Amino acid sequence: MHRRRFVALLGGAIAPPCVAAAQQKAMPVVGFLSVFSPPTGPGEVGRGPLLQGLNQTGFVEGENMSIERRWAEGHYDRLPAMAADLVSRKVDLIVTIGGTPPALAAKNATSTIPIVFAGLGNPVGTGLVASLARPGGNITGFSNVAGELTPKRLELLCELVPQATVIALLANPDNAGKQYVRSRQAAARAKGVQLPVLMARTEDEIDTAFASLGQLQAGGLVVEADAFFNSRREQLLALASRYAVSTIYENRGFTAAGGLISYGIDNAALARQAGIYAGRILKGEKPADLPVQQPTIFELVVNLKTAKALGLTAPPLILARADEVIE
């Protein structure tokens, strides 16, 4: 056989496997960017609920999908580098958990990789999406309407401690702008109370904030929804007990662990829905065509044991509206 023809035939014989390998679709990789700390159990939002949502759309981690997880552990300054790292690894999609900072970090890192956020106050106001109904671009997700919930928490605390004329707000400066503070103070004026804002981004600053409550004559404290505060739950609860201050928190995790009262959304449900969106996008849908959704169910939890320790009697109207009363 002619040498050149033999080589051509040989090349043809071995080409199909190579072509098949090149055409075989690789397992999709989901990038996960969270401002929280790594979970301590399978039920945490970065694992159980998110995976449940993905499973509903046919994606199982380790079988036909993998996840690259990044945890900022409450340190917002770590998010841009983590987002850039996920982009450099060419993930197929990024899911962000923990409000505006991780979503912004992901958006700043890529304009092409689809992004699904879970737990974000005002995606339109922060410029993440064009509108809720038609987000446009490469990002969509689920808002936690955080901006609307703080005034509601303030209102509930005013009902619980009606004698208070000063109620403090604990916020993280890394997660709170001037407009944010003004909106909270406007809500306080509407309730007829003063609202000094205490900023804390470290454990020591949290200690200092609580130590100032006496001087401020604060009759109550609203702890703003924030990933860093979530990671310091035990510290916050211990300080609220030490200073005997009536405090409202963002989720039932605080109240179940001994906090007085909480009002917020079901974060696990939000993560599950984000998982479903992620699965739909991996199957070919575009973020621009998936509307940003908002929660419709909110949880009010009251701890009567803690109320008794503080010398408070929970008003019947609050108890009647509570989704859970811990005795």
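Helix α4 (residues 100-109) lies across β1, β3 (93-97), β4 (115-118) and β5, running at about 155° to β3, where axes are lines fitted to C-alpha atoms, for helices over the stretch in contact, and angles run from 0 to 180 degrees between N-to-C directions. Contact here means heavy atoms within 4.5 Å, while helices (H or I, at least four residues) and strands (E, at least two) are DSSP runs numbered from the N terminus.

This is a predicted model, in which local features need pLDDT of at least 70 and side-chain atom pairs count only at pLDDT 80 or more, whereas totals for chains, interfaces and linings use all residues. Residues are numbered from 1 along each chain as its sequence is written, and side-chain values use heavy atoms, with hydrogens and water left out.

The strands form an open sheet of 5 with the order β2-β1-β3-β4-β5 and parallel pairing, two strands being paired if DSSP finds at least two bridges between them. Because β2 (66-71) and β5 (139-142) stand at the edges with a single partner strand each, one side of each is left without a neighbour in the sheet. Neighbouring strands of this sheet are turned by 20° against each other on average, direction ignored.

Strand β1 (residues 29-34) pairs with β2 in the parallel sense over 6 bridges, and S34, which lies in β1, stands opposite W71 in β2. S34 counts as buried because its relative accessibility is 0%, buried meaning under 20% relative accessible area with a 1.4 Å probe and protein chains only. Leaving aside residues up to four places away in sequence, S34 touches R70, W71, A72, L79 and I97.

Technical notes. Buried < 20%, exposed > 50% of the residue type's maximum accessible area, 1.4 Å probe, protein only.
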